[in-house]
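Q: Hi, I have a structure open and would like to go through it. Can we take it step by step?

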Amino acid sequence: MKEASRQVSAQLEVSNRSVLARVEYLESIIQKPAEHRENIALLAALKSQSGLAKLSVSEASISPMSLNTLKNRANDLLPGGFTAIDHLRRQAAKAIHDSTVAKPASPSVTKQDLKDKVKAQERTISQLWDEIALVTNIFRESVTLAQQFAEKCPDPADLSLFKKRRRELLSMLSLSKRPQIPSHENQPNADG
């Protein structure tokens with residue numbers, strides 16, 4: 001039973017490393033697309049989500065996996081989840097394509113590109129606030145548990161010191177109010 005658990009854990013670790021390596025690899029392609037123009041396997045992999053999942057690049061620690069595994073692992077590991085890695089895939093394919101055709105005099109960034117970028121950043125910010133809220137709740141529960149133990153302490157000086165320190169920690173914890181994220185669309189925010 002323990003052996004099966006270790007194997008699952010090891011496979012999960014390999015999948016996690018492979019997803020993170022894909023992100024780094026895609027970012028490197030976007031930075032230097034000309035270096036990857038002749039890589040036929042890569043060009044084929046960048047055409048679809050399933051192609052990206054099946055991609056294997058041993059020198060970059062990228063191993064093939066199912067599309068569902070890639071989606072699940074990316075959603076657990078990355079701000080923006082699978083949407084972020086799929087966006088990188090499309091950017092990498094476009095970067096390679098653009099590096100093969102003559103470039104116009106000035107790069108054109110469309111309004112839609114900027115809107116997409118803002119939406120992706122807003123999703124990342126929202127996910128980060130969710131993570132902060134989770135950590136805040138765990139911290140508060142820990143302080144409450146510590147208080148229960150401290151109240152069992154027979155020394156009033158120790159209890160007084162704990163209460164003072166608890167007040168200081170809670171006053172430092174000012175993350176319970178989530179600031180409003182300006183939205184360019186008329187959508188209700190996560191707070192209601």
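A short chat about this structure follows.

Q: What kind of model is this?
A: This is a predicted model.

Q: What is the average pLDDT?
A: The protein averages a pLDDT of 81. Of its residues, 86% score at least 70.

Q: Which elements have the lowest and the highest mean pLDDT?
A: H7 has the lowest mean, at 81. The highest belongs to helix H3, residues 49-54, at 90.

Q: Where does pLDDT stay under 50?
A: Over residues 180-192. For that stretch the model has 13 contacts beyond four places in sequence.

Q: How should I read coordinates where pLDDT is low?
A: Where pLDDT is low, the predicted coordinates should not be read in detail.

Q: New topic. How many residues are in the largest nonpolar core?
A: The largest nonpolar core has 23 residues. Leu-26, Leu-55, Leu-70 and Ile-85 touch the most other members.

Q: Which elements give two or more residues to this core?
A: They are H1, helix H2 (40-45), H3, H4 and H5. The largest share comes from H1, with six residues.

Q: What is Leu-55 in contact with, leaving aside neighbours within four places in sequence?
A: Leu-55 is in contact with Arg-22, Tyr-25, Leu-42, Ala-45, Ile-62, Ser-63 and Pro-64.

Q: Arg-22 is on that list. Where is the place of Arg-22?
A: Arg-22 sits in helix H1, which covers residues 2-31.

Q: Is Arg-22 buried or exposed?
A: Arg-22 is buried, yet it has no salt bridge. The nearest side chain of opposite charge is Asp-86, and that is 11 Å away.

Q: Which backbone oxygens lie 2.8 Å and 2.9 Å from a polar atom of the Arg-22 side chain?
A: The backbone oxygen of Ala-53 is the one at 2.8 Å. The backbone oxygen of Ser-63 is the one at 2.9 Å.

Q: What else does Arg-22 touch?
A: Leaving out residues up to four places away in sequence, its contacts include Leu-52, Leu-55, Ile-62, Pro-64 and Met-65. Leu-70 and Ile-85 are also among them.

Q: OK, salt bridges. How many are there?
A: The count comes to seven salt bridges.

Q: What does Arg-73 form a salt bridge with?
A: Arg-73 pairs with Asp-76, and their closest N and O atoms are 2.3 Å apart. Both residues lie in helix H4, residues 67-77. They are three residues apart, about one turn of the helix.

Q: Are Arg-73 and Asp-76 buried or exposed?
A: Arg-73 counts as buried because its relative accessibility is 13%, under the 20% cut-off. Asp-76 is exposed because its relative accessible area is 55%, over the 50% cut-off.

Q: Which residue forms a salt bridge with Lys-94?
A: Asp-98 does, with the closest N and O atoms 2.7 Å apart. Both are in helix H5, residues 81-100, and four residues apart. Lys-94 is exposed at 53%. Asp-98 is partly exposed at 25%.

Q: And what does Glu-168 form a salt bridge with?
A: Its partner is Lys-164, with the closest N and O atoms 3.3 Å apart. They are four residues apart in helix H7, residues 156-172, so about one helical turn separates them. Glu-168 is partly exposed at 30%. Lys-164 is partly exposed too, at 43%.

Q: Which residues are linked in a network of salt bridges?
A: Asp-86, Arg-89 and Arg-90 are linked that way.

Q: Switching to loops. Where is Ser-61 found?
A: Ser-61 is in the loop between H3 and H4. Its phi is near 60°, a positive value in a residue other than glycine.

Q: Last one. Where does Ala-150 lie, and what does it touch?
A: Ala-150 lies in helix H6, residues 111-151. Ala-150 counts as buried, at 13% relative accessibility. Not counting residues up to four places away in sequence, Ala-150 touches Leu-159 and Phe-162.

Q: How many residues apart are Ala-150 and Leu-161 in sequence?
A: They are eleven residues apart in sequence. In space they are 9.7 Å apart, C-alpha to C-alpha.

Definitions and conventions:
Residues are numbered from 1 along each chain as its sequence is written. This is a predicted model: local features need pLDDT of at least 70, side-chain atom pairs count only at pLDDT 80 or more; totals for chains, interfaces and linings use all residues. Side-chain values use heavy atoms; hydrogens and water are left out. A salt bridge is a side-chain nitrogen of Lys or Arg within 4 Å of a carboxyl oxygen of Asp or Glu. Buried means under 20% relative accessible area, exposed over 50%, partly exposed in between (1.4 Å probe, protein chains only). Lys and Arg count as positive and Asp and Glu as negative; His and the chain ends are not counted. A polar contact is a pair of N or O atoms within 3.5 Å; within protein, one must be able to donate a hydrogen and the other to accept it, and residues adjacent in sequence count only if both atoms are side-chain atoms. Contact means heavy atoms within 4.5 Å. pLDDT is the predictor's confidence in each residue, from 0 to 100. A nonpolar core is a set of buried Ala, Val, Leu, Ile, Met, Phe, Trp, Tyr and Cys residues joined through side-chain atoms within 4.5 Å.
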